[in-house]
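Work through the two exercises below with the model in view. Each task is followed by a solution in steps.

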Amino acid sequence: MASTPSHAAHHSSLGALRPLPARPTHRREVAAEIARYLGAISIVLVGAVHAQQYYDAYFSVVPTIGTLFLLSFVGAGTVGVVLFAPVRRLGERLGDLILALASLGAIGIALGTFVSLLISEYTPLFGFMESGYRLAVLLTLLFDVLTTAFLGFFLLIVGPRLIHTVNSERRTR
C-alpha cells in the first residue's frame, strides 16, 4: 500500500514560509483605512488647488495670502504623504499615533482654509477679499469638507484604540 503525504507533512514543508503580516479584518478597521486613504487624497487635492492658485492664478504676489497659500500647499502635501505612508511598520502604537497626528494636522489645514474662504467672501482677510464662488473656491470647500469627514471618521475608529493602548501602558508602569 503506497503511502500518501499527510496533511500535516504538507504543512510542515511550508513551515519555512513566513506568514503574511496581519491585515485589518474587522469591518470598522477596513472602513477606517478606506477613510484614511480618501482623506489623504482629499487633503492632497486641497494642497493642489492652493498650489495652482499660488502659481497659475498669481496669488504668489498677494501679500500674506500668497504665503498662506504656499504654506497650505506644503502642509497639505506633507500630511498627505504621511497618511499614505506605511507608518504602522514602525509598530502599531507608534504608527497609529503618527497617523492620528497627521489626521489632526490635515483637519486643521482643511478647517483653516474652509473658515478663511468663508470669511474672505464677506470681509477682507489680511487685506484680501474673494469675489464669488469660482471653481477653485468651490473645489477647495468641497475637499476641505471631505478631508474633515473622512479623517474625522478615521480618528473616531483609531483614536479610542490609541488612547486605550496608552492608558494600558501607563497602568503597567
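**Exercise 1: an aromatic cluster**

Phe69 has a relative accessibility of 12%, so this residue counts as buried (buried means under 20% relative accessible area, exposed over 50%, partly exposed in between, with a 1.4 Å probe and protein chains only). The model is predicted: local features need pLDDT of at least 70, side-chain atom pairs count only at pLDDT 80 or more, and totals for chains, interfaces and linings use all residues. Residues are numbered from 1 along each chain as its sequence is written, and side-chain values use heavy atoms, with hydrogens and water left out.

Task: classify the ring pairs that Phe59 makes with Phe69 and with Phe128.

Step 1. Rings of Phe, Tyr and Trp (its six-membered ring) pair if their centres lie within 6.5 Å; planes under 30 degrees apart count as stacked, over 60 as edge-to-face and the rest as tilted.

Step 2. For Phe59 and Phe69 the centres are 4.7 Å apart and the planes are at 5°, so this pair is stacked.

Step 3. For Phe59 and Phe128 the centres are 5.4 Å apart and the planes are at 70°, so this pair is edge-to-face.

Step 4. Phe59, Phe69 and Phe128 form one aromatic cluster.
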